[in-house]
Amino acid sequence: MVEIPAAAVAASGLVGGYGVARWTRKRPLGGVALAAAGSLAAYEWNRQAGPRAAAGLTVAYVAAFAGSHPLAKKVGAWPAVFAVAGGVAAASWAVTRRGANP
């Protein structure tokens with residue numbers, strides 16, 4: 001079975017959640033996509049790097065979502081979403097690669 005990196009899941013959740021909300025014009029539906037990807041990413045973070053890392057990365061995921069809103073007022077919606085998704089992906093990769101190598 002192919003394993004998708006948690007960094008890709010988290011970044012996809014942020015981008016996909018915004019995309020779903022924008023294209024369907026139903027913000028709660030985008031929130032469902034965001035939460036589903038965030039939950040899967042948190043599960044993988046916990047499995048790969050432990051509960052403390054998972055908690056920290058989950059906080060970063062939620063903070064990125066919240067932070068994308070004021071950032072969007074300065075740089076635009078899509079650039080803000082891609083910026084925070086990249087930041088979360090980089091943090092996820094950095095934390096899980098250390099935790100995955102005992």
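Me: Which residues lie nearest the centre of the largest pocket?

Reply: This is a predicted model, where local features need pLDDT of at least 70, side-chain atom pairs count only at pLDDT 80 or more, and totals for chains, interfaces and linings use all residues. Residues are numbered from 1 along each chain as its sequence is written, and side-chain values use heavy atoms, leaving out hydrogens and water. On a 1 Å grid over the protein atoms alone, a pocket is an open set of points with protein on both sides within 12 Å along at least five of seven lines, a cavity is a set where a 1.4 Å probe fits but cannot get out, and lining residues have an atom within 4 Å of a point. Of the 16 residues lining the largest pocket, those nearest its centre are Tyr18, Ala21, Arg27, Phe65 and His69.

Me: Which helix gives the largest share of that pocket's lining?

Reply: Helices here are DSSP runs (H or I, at least four residues), numbered from the N terminus, and strands are E runs of at least two. Helices H1 (6-24), H2 (27-49), H3 (51-75) and H4 (77-100) each supply at least two residues of the lining. The largest share, 5 residues, comes from H1.

Me: What is the order of elements from the N terminus on?

Reply: The protein chain has 4 helices and 0 strands. Its C-alpha trace spans about 45 × 30 × 20 Å along the principal axes. From the N terminus on, the elements run α-α-α-α.

Me: Which residue just after H2 takes a positive phi?

Reply: H2 itself holds several buried residues (under 20% relative accessible area; over 50% is exposed, in between partly exposed; 1.4 Å probe, protein chains only), including Gly30, Leu34, Trp45 and Gln48. Just after H2, a positive phi of about 100° is taken by Gly50.

Me: Which residues is Ser68 in contact with, leaving aside its neighbours within four places in sequence?

Reply: Ser68 lies in helix H3, and it counts as buried because its relative accessibility is 10%. Contact means heavy atoms within 4.5 Å. Neighbours within four places aside, the partners of Ser68 are Ala80 and Val84.
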